[in-house]
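Student: I have a structure open and would like to go through parts of it with you. May we begin with the pockets?

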Amino acid sequence: MTAEHAGIELGLDSFGDLTSNADGSRRSSAEVIRDHIEHARIADAAGVDAISFGEHHRDDFAISAPDMVLAGASGVTERIKLGTAVTVLSSDDPIRVIERFNTLDAMSNGRAEITVGRGSFTESFPLFGFKLADYEMLFEEKFDMFAKLLDRPETFSWQGTHRAPVQDGVIMPKSEQRLGAWVGVGGSPQSVVRSVTHRVPMMLAIIGGSAERFMPFVGLYRKAQEEIGVPAMPLGVHSPGHIAETDAEAREQVRDSWIENRNRIGAERGWAQARPEEFDGEVEHGALYVGSPETVAAKIADTVLKLGLDRFDLKYSNGPVQDEHLRRSVELYGTEVIPRVRELVAKSR
């Protein structure tokens, strides 16, 4: 195993957070969308393996149609995988999702991948006419459809309770290969087992606390594969972070924005107010990968080795951070963090 590969893919994620200019003014949603296409170009040139954009339908995030932004990114990139983090499958139609990503895959010469999930926000449900009371049923049925569609059937038939049956439907365009796919998991045992039973690899969201506390879910994931008798499935983790030239600069650039974002969401969910001490604690002992390239690489490598990961994605957007800082973080991740992580993992493995 070489240090260049070390058996690990390293990607970037963003929810399309509305960012700021150097003078503190907020960038428009249109500017943020164009910025993210540029982030993809920078990441591609810097050697990042994948970049994924999340779907949200609220006024603090610009990206509601990530496949459209990824289509734009496909024209300015050459090798990087283009994915989502996540596509809210519960309030979408799996057939349309597959058709859109088959289209993206054709446009990008086979670089499309998709991460589906329930979504940690619920704005899309009333927006698209779905009942929150159907939250569980919608995801169960639509994930079942999605998993079957990944097998590229010539025609597709399906019957459930949330929509009219499909009989011998034709999915177009046809994909040239099986789409790369993940399912986002927040840490419930049921979600872990569902990932395995549907043969869609797990992308574990670790957004608070140490990675080690998720070891039971990793163990369950491996055990379920053994008991169900499926071939070994890759394992991914998604966590937030930010990179600058030094540890102090990285913390200074992202601290206030992280706290602002955390408290806005926390106010909706009844969380206690976050303070600088919580930010520092997450950086030093928890799920925030913030610091210099050396610091962040060491922390990522430690997580990769402890959990036995095949993929690690850094969520590089964290509230209204200045866009110029995001661009530099993306560049440093590709040019300095990734080579260090691969070297550290290769030496240990």
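Student: How much space lies in the second largest pocket?

Tutor: This is a predicted model. In it, the second largest pocket holds about 220 Å³ of space.

Student: Which residues lie nearest the centre of that pocket?

Tutor: Those are G180, A181, W182, P201 and P234, out of 15 residues that line the second largest pocket.

Student: And which strand gives the most to the lining?

Tutor: Strand β8, which covers residues 180–185, gives the most, with 3 residues.

Student: What classes of residue make up the lining?

Tutor: The lining of the second largest pocket has 7 nonpolar residues, 7 charged residues and 1 polar residue.

Student: Let us turn to helix α6. Which of its residues are buried?

Tutor: In α6, the buried residues are S191, V192, R194, S195 and V196. They pack against helix α5, strands β8 and β9 (202–205), and α7 (215–228).

Student: Where does R194 lie, then?

Tutor: R194 is part of helix α6, which runs over residues 189–197.

Student: Why does R194 count as buried?

Tutor: R194 counts as buried because its relative accessibility is 8%, and the cut-off for buried is under 20%.

Student: What does R194 touch?

Tutor: Leaving aside residues up to four places away in sequence, R194 touches R118, F139, E140 and F143. R194 and D144 are 50 residues apart in sequence, and their C-alpha atoms are 9.6 Å apart in space.

Student: What comes after α6?

Tutor: R199 follows α6, and the phi of R199 is positive, near 60 degrees.

Student: New topic: at what angle do α3 and α5 pack?

Tutor: Helix α3 (residues 94–107) and helix α5 (residues 135–149) pack at about 35 degrees, and their axes are 9 Å apart. Their crossing is right-handed.

Student: Which residues make that contact?

Tutor: From α3 there are P94, I95, V97 and I98, and from α5 there are K142, M145, F146 and L149. By class, the contact of α3 with α5 has 7 nonpolar residues, no polar ones and 1 charged residue.

Definitions and conventions
Residues numbered from 1 in each chain as written. Predicted model: local features only at pLDDT ≥ 70, side-chain atom pairs only at ≥ 80, totals over all residues. Heavy atoms only, no water. 1 Å grid on protein atoms, 1.4 Å probe; cavity = no way out; pocket = protein on both sides within 12 Å on 5 of 7 lines; lining within 4 Å. Points joined across faces, edges and corners; volume = space filled by probe spheres on them. Helix = DSSP H or I, 4+ residues; strand = E, 2+ residues; numbered from the N terminus. Nonpolar A, V, L, I, M, F, W, Y, C, P; charged D, E, K, R; others polar. Buried < 20%, exposed > 50% of the residue type's maximum accessible area, 1.4 Å probe, protein only. Contact = heavy atoms within 4.5 Å. Axes fitted to C-alpha atoms, helices over the stretch in contact; angles between N-to-C directions. Left-handed = near helix turned anticlockwise from the far one by under 90°.
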